[in-house]
Each structure stands twice: as structure tokens, then as C-alpha cells.
Amino acid sequence: MVAYLLCIGAPSLFGQSYGSYDLVPLVSRTGGGPDTDPSAKLKLLDQVLDDLARHAIDYPVHFEEGGAKDRAAKDVVKLSAWLDTLIDVPNPPVYFMKRAAMVGSIGHNLDIPGMAQKADAIFQKWLSMRPDDPAGNQMYGAFLGGVGKAKEAIPFLEKALALGVPQAPYSLGIAYLHVGDKEKATKNLKAYLDKNPDDKKTRDLYDAIASGRVRIRTVTK
């Protein structure tokens with residue numbers, strides 16, 4: 001894995017410990033609970049994904065307790081296999097495409113073999129169906145940036161920006177920073193800060209770039 005770390009002494013991102021989930025009612029076609037209540041099933045899916053995202057949507061991942069990362073990885077494998085059955089159809093619902101792509105991205109960050117390739121294939125299928133999907137372009141661009149393909153990420157993020165995705169200026173700023181375009185990096189981060197003035201983390205990053213204190217370190221695993 002290749003990751004790009006912005007080394008500016010950012011504050012710790014550790015937060016609440018990753019939870020313990022019983023996914024059998026979610027991924028099984030038998031039994032009670034969420035399996036017999038579609039709305040509850042989807043609610044549980046999003047609850048788990050929200051928790052996974054808090055800890056592993058970016059690389060490096062952040063887990064407070066020793067066994068939490070392994071527990072998260074096992075959950076990702078189960079969710080990915082279950083979601084495969086829901087998107088391997090001629091016209092899969094975008095709701096599940098989005099979540100399957102997210103699971104694949106998180107799985108890559110958790111060092112699960114094959115997850116990067118799976119996520120990339122899902123993103124491409126999603127955008128072949130809906131090339132102007134705002135979330136699809138934003139998420140694929142962010143994913144490409146996260147796997148060390150910032151140059152390839154930029155067209156998708158520029159499209160997400162044109163489609164009005166609020167997070168796009170931040171993601172674009174990071175992508176342009178990775179390809180060495182400081183001018184476009186600061187321009188996009190400034191645009192993001194104009195609408196999110198209380199985002200201290202991004203403010204610190206912007207100030208560090210502007211002052212020349214930021215550096216990019218490539219980490220190969």
C-alpha cells in the first residue's frame with residue numbers, strides 16, 4: 001500500500017472504540033431481527049458503516065484497543081460478501097453500490113487483500129451506470145487519492161466540485177498537494193474553509209501549506 005501522510009503535527013484522530021456487532025441477522029437470509037425488518041436491517045448496516053468510517057475511512061486507520069482492528073476487518077469481510085450478492089445484478093440499487101464501494105475502500109485501509117481491486121471495480125460499475133452521480137465521483141476520487149493515484153483522482157474530484165459536492169474542494173486540495181500543485185491546493189482548501197470556517201484541522205493544514213511547513217511523506221507497506 002502507498003499512502004501519503006501530511007506531516008504537520010495534526011491532533012490525534014482517535015475517538016470512541018469500535019463497537020462489537022452481531023452481523024448474523026444482517027447478512028443471513030434466515031432468522032429474526034433485522035432480517036425480517038428491511039428498515040431495521042438497513043439501519044444496522046449504516047450504523048456499522050458509520051462506526052467503521054470513524055476509524056478506517058482514511059489511512060492510517062485509528063483504533064484504540066488491540067482487538068478492535070481485527071474485529072473491524074472481520075466485519076468488513078462479512079459485509080463485503082453480503083453486499084456482493086446485492087450488487088451482482090443487472091441494475092443494482094445505488095444505495096447498495098455506494099455502501100459496497102465504501103466497504104471495499106475501508107477494507108483496503110485495513111490491509112485486507114483484494115479489497116482495493118474490488119472497490120475500484122465497484123466504483124467503475126457505479127459510474128458507468130451514473131457518470132454524473134455526485135457522491136460516486138467524490139468517493140471514487142477520494143479513493144484514488146488514498147491509494148496513491150492523486151493524478152487520476154483529480155478529474156473525478158473536479159467533476160464532483162462542478163456537481164456541487166461540499167467536500168470536493170477539500171479533497172481536491174489534498175489531491176493537488178500530492179501532485180505538487182501548491183497554488184491549486186491552497187485555492188481549493190481556501191474555498192472549503194470559506195464555507196467551513198470552524199474546521200480547525202483544515203485551517204491548520206492550510207496555514208502549514210501557506211507557510212511552507214507542510215511536507216508529504218510517502219509510506220510503502
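The entries below take up a helix, its partners and one lysine in turn.

**Basis.** I worked from a predicted model, in which local features need pLDDT of at least 70 and side-chain atom pairs count only at pLDDT 80 or more, while totals for chains, interfaces and linings use all residues. Residues are numbered from 1 along each chain as its sequence is written, and side-chain values use heavy atoms, with hydrogens and water left out.

**Entry 1, helix H6.** I took helices as DSSP runs (H or I, at least four residues), numbered from the N terminus. H6 covers residues 134-146, 13 residues in total, and spans 18 Å from first to last C-alpha, close to the 18 Å expected at 1.5 Å a residue. The expected span is 1.5 Å times one less than the number of residues. At the N-terminal end I found a cap: a side-chain oxygen of Asp133 lies 3.0 Å from the backbone nitrogen of Ala135. Just after H6, Gly148 has a positive phi of about 85 degrees. I noted the buried residues (under 20% relative accessible area, 1.4 Å probe, protein chains only); among them in H6 are Met139, Tyr140, Phe143 and Leu144.

I recorded an angle of about 160 degrees between H6 and H7, with their axes 8 Å apart. H6 is therefore roughly antiparallel to H7, a label for angles over 145 degrees. Axes are lines fitted to C-alpha atoms over the stretch in contact, and angles run from 0 to 180 degrees between N-to-C directions. The residues that meet include Tyr140 and Leu144 in H6 and Phe156 and Leu157 in H7, contact being heavy atoms within 4.5 Å.

H7 (residues 150-162) packs on H8 at about 155 degrees, with axes 9 Å apart. H7 and H8 are therefore roughly antiparallel as well. Among the residues making this contact are Ile154 and Leu161 of H7 and Leu172 and Tyr176 of H8.

How many of the residues of H8 are buried? I found eleven of its eleven residues, 168-178, to be buried. Just after H8, Gly180 takes a positive phi of about 85 degrees.

I located Lys41 in helix H2, residues 38-56. Is Lys41 buried or exposed? Lys41 counts as buried because its relative accessibility is 13%. Its side chain reaches the backbone oxygen of Leu26 at 3.1 Å.

Notes. Helix = DSSP H or I, 4+ residues; strand = E, 2+ residues; numbered from the N terminus. Buried < 20%, exposed > 50% of the residue type's maximum accessible area, 1.4 Å probe, protein only. Polar contact = N/O pair within 3.5 Å; in protein donor to acceptor, adjacent residues only side chain to side chain. Parallel < 35°, antiparallel > 145°, perpendicular 65-115°, else oblique.
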